[in-house]
Amino acid sequence: MSAEIDPCSPIGPEQIGEWFEYTDVLIVGYGGAGACAALEAHACGAKVTVLEVSSGSGSTTSLSGGQIYLGGGTPIQTACGFTDTPRDMEAYVRMASGSSGDDEKIRLYCGDSLEHYAWLVNQGVEFNPEYYGGKHTNTPEYQSLAWSGNEKGYRERLVARPAPRAHKPRAFWEDGGATLMATLRKAVEATSITVHHETRALTLVKEGERVIGVLCRHDGQLRAWRARCGVVLCCGGFIMNKDMVRKYAPRLADATPIGNPADTGSGILMGIGAGGAVVNMNEGFISVIWYPSGEFCKGVFVNQQGNRFVNEDCYHSRGAHHCLNQPERKAYLVVDSAIYTEPPMYAAAKVIEVGETFAELERDAGFAEGTLSATMETYNRFAAVGEDPLFHKSPEFLRPLDQPPYALLDFSIDSGVYYPAFTLGGLDTSVDGQVLSASGKAIPGLYAAGRTSAGIPRNAEGYASGLSIGDATYFGRRAGRAAAR
Ligand SMILES: Cc1cc2nc3c(=O)[nH]c(=O)nc-3n(C[C@H](O)[C@H](O)[C@H](O)COP(=O)(O)OP(=O)(O)OC[C@H]3O[C@@H](n4cnc5c(N)ncnc54)[C@H](O)[C@@H]3O)c2cc1C
């Protein structure tokens, strides 16, 4: 067999000389989705094998901040003094997922959130009943509970009572993902689940309509694993595959890809090859960060026309979405000397103009006369009485910008400011992870979860930190159970 193997072209069993190993449930990818799928399939009594390309913990889940979107009244929410219900959580997540959200997945994810929390705790995941209420991208120390989306937004509050739902495993700062994966790996190691590292899945093996195995490169050899019950693809997304990003999600092409190097879409391509349909492929998480601290949330975003376009206290992914939607993708933040601090380390946005008046700032930065200055006059007039009739920024961040000099920070993507991104599209799956064809038929023997599939998080505008790992771990579990059945 040639060394050039196309993931989109499954092979037949007749092309396999000899199966290297037999198992019941074969899981490809040992990140958040794969570990949870393995644990549940094993709990159902199946013989489980995990294949992982990296030599250690290569997953994006390990690299991540580890926030998990959980709610409905978890013990941590309660201990920190917050009330939440599955209904409020569901209403919020439904709104966040937008028109392309998967209703049934949302219903199950939110309805089972307390059970999922308890399951994670049973695997050894520890949460610390401490709350962090500041404007940040993660909790800065060991706190487990934080706001991580737009729950307090004006439109969101109309449909759901807000509650903080990001649950970070007890870990310092951004170590939540590494801690989560270390805990899940420990749980896996306490079972008879077999894990093969340095094993790259290349393509699926199909017999008729059924997926029966995976061809891999392992120890420098081509070797095939036979799965008696099912194959679960948990290979992450495709942000590291430039061609796929250009083809499916061109909006993310100029952003900085974040994730592990194996986020090349191999699982998605193998699924496509087996007849799976893809959905939501044009969408991704994309961010630009103007906090911490919350001081810049008191600033004013304007486009090239000098118009505002978003409430500046929104979640960073929503901000990035709107910055990219402006003409020529130009976006600037107006600040005054009272709120100016060093721009947040992540973004490193540059000050491109300074002026003693808004008219001077407008003229020197090349805005049309009377544009930015009119915007600021309106903003300041309402902010003085604690109102924002256009974008409903929270009163907490509303104050007139009236302390010169004024500065303009460049948040345009072409200014070199940091716009990190990862993908949110993937294989179309049932709530039990079955990979579906374009006509909605399940492909026998094939399952997917995590960012190899399209799950709960559907777009940057509604994204909340924790939705991706929450989805990967919860639907990973469902896929593992279904494959073992
Ligand atoms: C810096 C950063 C911070 C983040 N913070 C958060 C956060 O706080 N909360 C949140 O919800 N989301 C966060 N995310 C996103 C989130 O981490 C991921 O979307 C999620 O963890 C994906 O889980 P997964 O199981 O699908 O993929 P992964 O965890 O990436 O696991 C996939 C595994 O498959 C392996 N693999 C890939 N291809 C093959 C192949 N062909 N053969 C064998 N193995 C293969 C990979 O090596 C990898 O180990 C963050 C992402 C980044 C980059």
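Me: Which residue in β17 does Val 335 stand opposite?
Reply: Val 335 sits across from Ala 407 in β17. Keep in mind that this is a predicted model.

Me: OK, and how many bridges join β15 to β17?
Reply: Four bridges join them. Strand β15 covers residues 332-335, β17 covers residues 406-410, and the two run antiparallel.

Me: What holds strands together in general?
Reply: Strands of a sheet pair through backbone hydrogen bonds, and the pairing can be parallel or antiparallel.

Me: So what's the order of strands in this sheet?
Reply: Going across, you get β14-β15-β17-β16, four strands in an open sheet with antiparallel pairing. The edges are β14 (300-302) and β16 (350-355), each pairing on one side only. From one strand to the next, the twist averages 30°.

Me: Which helix lies across β14, β15 and β17?
Reply: That's α13, residues 372-383. This helix α13 runs at about 150° to β14.

Me: Switching topic: how many residues does α4 have?
Reply: Helix α4 has twelve, residues 86-97. From first C-alpha to last it reaches 16 Å, close to the 16 Å expected at 1.5 Å a residue.

Me: Which residues in α4 are buried?
Reply: Asp 88, Met 89, Tyr 92, Val 93, Ala 96 and Ser 97. They're on the same side of α4, because they cover an arc of only 160° around the axis.

Me: What covers them?
Reply: The cover includes β3 (68-69), α5 (103-111), α6 (113-122) and α7 (154-159).

Me: And what follows α4?
Reply: Gly 98 does, and its phi is positive, near 70°.

Conventions:
Residues are numbered from 1 along each chain as its sequence is written. This is a predicted model: local features need pLDDT of at least 70, side-chain atom pairs count only at pLDDT 80 or more; totals for chains, interfaces and linings use all residues. Side-chain values use heavy atoms; hydrogens and water are left out. Two strands pair if DSSP finds at least two bridges between them. Axes are lines fitted to C-alpha atoms, for helices over the stretch in contact, and angles run from 0 to 180 degrees between N-to-C directions. Contact means heavy atoms within 4.5 Å. The expected span of a helix is 1.5 Å times one less than its number of residues. Buried means under 20% relative accessible area, exposed over 50%, partly exposed in between (1.4 Å probe, protein chains only). The arc is that of the directions from the helix axis to the C-beta atoms.
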